[in-house]
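Student: I have not seen this structure before. Could you show me how to read it, one feature at a time?
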Amino acid sequence: MVARLVKRVSAAALALSLPLGAHAAGFDWQKYKGQTLDVLVDNNPIGQVIANNVAAFEKLTGINVKVDIFTEQQMRQRLVTVLDSNSSQVDVFMTLPSREGQQFSGAGWYTDLAPMTKDASPDYDFAGLSPALLKAATFDGKLTSIPMNIEGPVLYYRTDIFKKCNLTVPASLSGMLDTAKALKKCNAATTPFVSRGLRDALAYTYSVFFHNMGGHYIENGKSGLCSPAGLSALSLYGDLQKHYGPLGVVNYSFYQISSLYRDGRAAMAFESSNELSDVMQGGARLNDTGIALLPPGPGGSHPTAIAWGLAMSPYSTHKGAAWYLIQWATSPAIQAKDEIAGIAAPRPAIAQDPQVKAWLAAAPVRQVWQNAVNQLANTGTSNVGYPITDNPESRQYIGEAVDKVIVGSDKPDAACAPADQSLNALIAKDKK
Amino acid sequence: MSLSASSRQRGAIALLSLPAVFFTALMVVFPVGYTIWLSFRSAPLGHATQFAGLANYAQLFHSGSFWNSIEVSLALYLLSLALQLIAGTYLALLLFHARRMPAILRSILISPFMVPPVVVGMMFLVILDPSLGAANWILSLFGLPPSAWLASPQWVIPTIALIDTWQWTPFVALIVLGGLQSLPPSVYEAAKIDGAPAHLVFWRITLPLLLPTLMTAAILRSVDLLRFFDIIYVTTQGGPLDASDTLNVLGFHIGFELFQFGYASALAVTLTAMVFGVVLSLNRLRKAVAW
């Protein structure tokens with residue numbers, strides 16, 4: 001089995017290096033040979049693809065790469081420590097523009113990549129990257145990172161249980177509660193619905209409920225968390241989790257949700273499209289899972305679509321080599337590899353890649369997943385939390401309000417009021 | 001006037017040890033000094049720090065989160081300390097009197113505090129998982145309803161206190177056992193001659209004589225308990241809501257998730273002052289009960 005794995009990895013590495021090398025005639029991949037890059041990546045499937053394939057890049061360019069791989073929180077801590085001391089210890093890093101983009105941009109911690117995109121290999125196809133995601137990574141006119149994936153919360157649901165209970169995915173958001181209720185009655189052994197409950201993590205999933213309900217985080221310069229639409233979203237999300245979610249859901253993030261669904265203990269899980277590979281691990285859910293976007297609400301359908309990006313430190317002393325790594329890691333060849341690992345590529349054309357096509361065809365759920373991701377790409381927005389510099393703090397206040405409703409300590413309006421007050425203070429601070 | 005040989009030797013020792021003393025002092029003093037300095041400054045990301053006077057402290061004392069974390073820290077501290085002193089004394093008495101206890105059993109009984117707290121946190125995260133954990137399965141065997149444990153705002157502090165007690169009771173027991181072994185046998189012989197019953201011997205003789213030892217254990221555990229971080233970070237990250245947001249967890253959140261370093265430093269300085277205050281008070285108490 002190990003030999004087969006080694007064979008597969010070697011074949012993949014060869015496949016990745018060949019297309020780039022073959023077209024190297026008009027582009028000198030060896031221009032920065034001998035330089036050394038320090039790269040900081042998240043220990044998620046996207047970062048792992050870079051870490052696992054970096055040898056192919058080193059072979060192609062002669063550039064030495066040192067990859068440091070940390071969990072998301074620790075990666076960010078190390079990054080901030082390095083950048084805040086104006087250190088050149090990190091050349092390239094993964095970043096989440098929807099979370100820290102504005103904050104890091106304000107601190108001057110991104111190199112503008114727009115001019116560099118002109119120095120790209122003919123294979124790179126910069127124009128093939130999602131314009132919406134490139135726009136979401138642009139702050140103050142600067143392209144701060146190149147998207148590595150596209151992701152957003154999608155509804156994983158058990159087709160077998162829905163069939164047994166004679167149910168379909170509700171056509172509108174208001175039908176979610178009735179569906180959950182019917183699932184509880186028909187299939188009591190399974191949790192009807194699960195989504196994020198962890199305070200600092202839930203803005204990612206809650207934002208879709210909020211936007212579909214017709215909410216806007218900032219309305220006329222003020223927080224809209226407690227608007228009528230906001231209160232309806234709070235009430236629905238809270239009720240779904242409180243009455244139809246698992247016990248202890250306030251501590252749930254992607255890890256617990258994927259585990260619960262994968263183990264067959266949840267009928268509906270609203271979680272990131274990036275979790276496909278985790279959800280399908282072991283193959284138990286391969287043939288009984290459907291994937292859809294959250295049903296539209298009174299405000300329409302506004303799925304969240306965000307991306308991890310690869311950025312360059314302004315203090316890097318190897319910017320040329322760093323750009324080579326970024327364009328290699330966000331190239332069609334690597335992003336095809338990402339796609340096969342269950343990471344949706346931010347390039348619509350990747351779905352036409354022969355290897356990707358074969359992978360999608362191998363299991364029907366993959367094509368369903370791809371369709372959902374395509375819808376995210378076409379209609380998604382990147383507003384997870386408030387579009388302000390202190391976005392991470394805004395997520396905390398959203399989480400507090402939602403969790404108070406889930407645990408039942410407050411009604412939606414009482415839970416929302418203090419959060420709204422704190423959010424208005426953040427908005428005012430942002431305007432200064 | 002010439003120096004004696006021993007004076008010269010002492011001088012040489014002092015001179016030779018100066019670099020080590022200087023290095024150690026620097027390693028201790030610099031981080032503390034830097035944190036205090038930073039607590040009086042605003043530190044926006046990517047920009048030079050600016051003098052902010054007492055603004056960070058004022059923000060702290062006006063913050064509901066800060067007062068909540070004081071409440072949480074004190075509740076966790078008092079509950080854990082009480083449980084650990086009681087259970088530790090009980091375990092020490094058990095080890096002291098059960099002279100025939102096999103060595104392996106003694107080793108098992110005192111082993112939890114050798115397990116890294118992160119491992120302890122992960123272990124209990126699995127055991128106490130409301131859906132898949134063993135704890136609720138055991139409750140179900142007795143016909144009891146499942147508990148949310150770490151996900152319940154009401155139960156999270158008692159649950160964390162129990163986890164910490166599981167880990168640190170043996171440490172307290174070892175200290176108390178040392179104290180028991182040093183108690184004067186003559187007092188017990190006199191009590192035996194007078195026919196004092198066992199419970200009276202414990203309450204009137206053993207416990208009063210053990211008080212200085214118990215105070216030592218309390219001081220050592222207080223330092224850890226007031227700075228409680230690791231198990232909470234692994235299990236709840238301060239939640240649900242802010243029900244387990246101790247001062248240290250809040251400081252970490254402000255400093256390393258929201259990146260407000262000046263504000264987080266003010267909190268760290270306040271926490272350090274609190275720990276010093278409690279330890280000094282307990283130390284005075286320990287001296288007062290010494291015999």
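Student: How many bridges join strand E1 of chain A to strand E2 of chain A, and do they run parallel or antiparallel?

Tutor: This is a predicted model. In it, E1(A) and E2(A), residues 64-70, run parallel and are joined by seven bridges. For a point to find on the screen, take Leu40(A), which stands opposite Asp68(A) in E2(A). Between the two strands the chain passes through helix H2 (residues 45-61) of chain A, and this β-α-β crossover is right-handed.

Student: Which strand besides that one is joined to E1(A)?

Tutor: Strand E3 (residues 92-95) of chain A is joined to E1(A) by two bridges, and the two run parallel. There, Val39(A) stands opposite Val92(A).

Student: How should I think about the side chains of a strand, and is E1(A) mostly covered or exposed?

Tutor: In a regular strand, side chains alternate between the two faces of the sheet. As for E1(A), residues 36-42, the strand is mostly covered, with six of its seven residues buried.

Student: What is the strand order in the open sheet of three strands?

Tutor: The order is E10-E7-E11 in chain A, and the pairing is antiparallel. Strands E10 (268-272) and E11 (289-292) of chain A are the edges, each pairing on one side only. From one strand to the next, the twist averages 30°. Strand E7 (residues 153-158) of chain A pairs with E11(A) over four bridges, and Arg158(A) stands opposite Thr289(A) in E11(A).

Student: Which helix packs on the sheet, touching E7 and E11 of chain A?

Tutor: That is helix H15 (residues 364-379) of chain A, whose direction makes about 10° with that of E11(A). Helix H10 (residues 254-262) of chain A lies across E7 and E10 of chain A, at about 140° to E10(A).

Student: How many residues does each chain bring to the contact between A and B?

Tutor: The size of an interface is often given as the accessible area lost when the parts come together. Here we can count residues: chain A brings 23 and chain B brings 17. On the chain A side, helices H3 (72-84) and H16 (391-407) each supply at least two residues. H16(A) gives the most, with six residues. By type, the chain A side divides into ten nonpolar, six polar and seven charged residues.

Student: Where in chain A does pLDDT stay under 50?

Tutor: Where pLDDT is low, the predicted coordinates should not be read in detail. In chain A, that stretch is residues 1-24. Chain A averages a pLDDT of 91, and 94% of its residues score at least 70.

Notes. Residues numbered from 1 in each chain as written. Chains lettered and ligands numbered in written order. Predicted model: local features only at pLDDT ≥ 70, side-chain atom pairs only at ≥ 80, totals over all residues. Contact = placed C-beta atoms within 7 Å. Nonpolar A, V, L, I, M, F, W, Y, C, P; charged D, E, K, R; others polar. Pairing = 2+ DSSP bridges. Axes fitted to C-alpha atoms, helices over the stretch in contact; angles between N-to-C directions. pLDDT = per-residue confidence, 0-100. Buried ≥ 20, exposed ≤ 12 C-beta atoms within 10 Å, placed from the backbone. Right-handed = clockwise from strand over helix to strand, strands pointing away.
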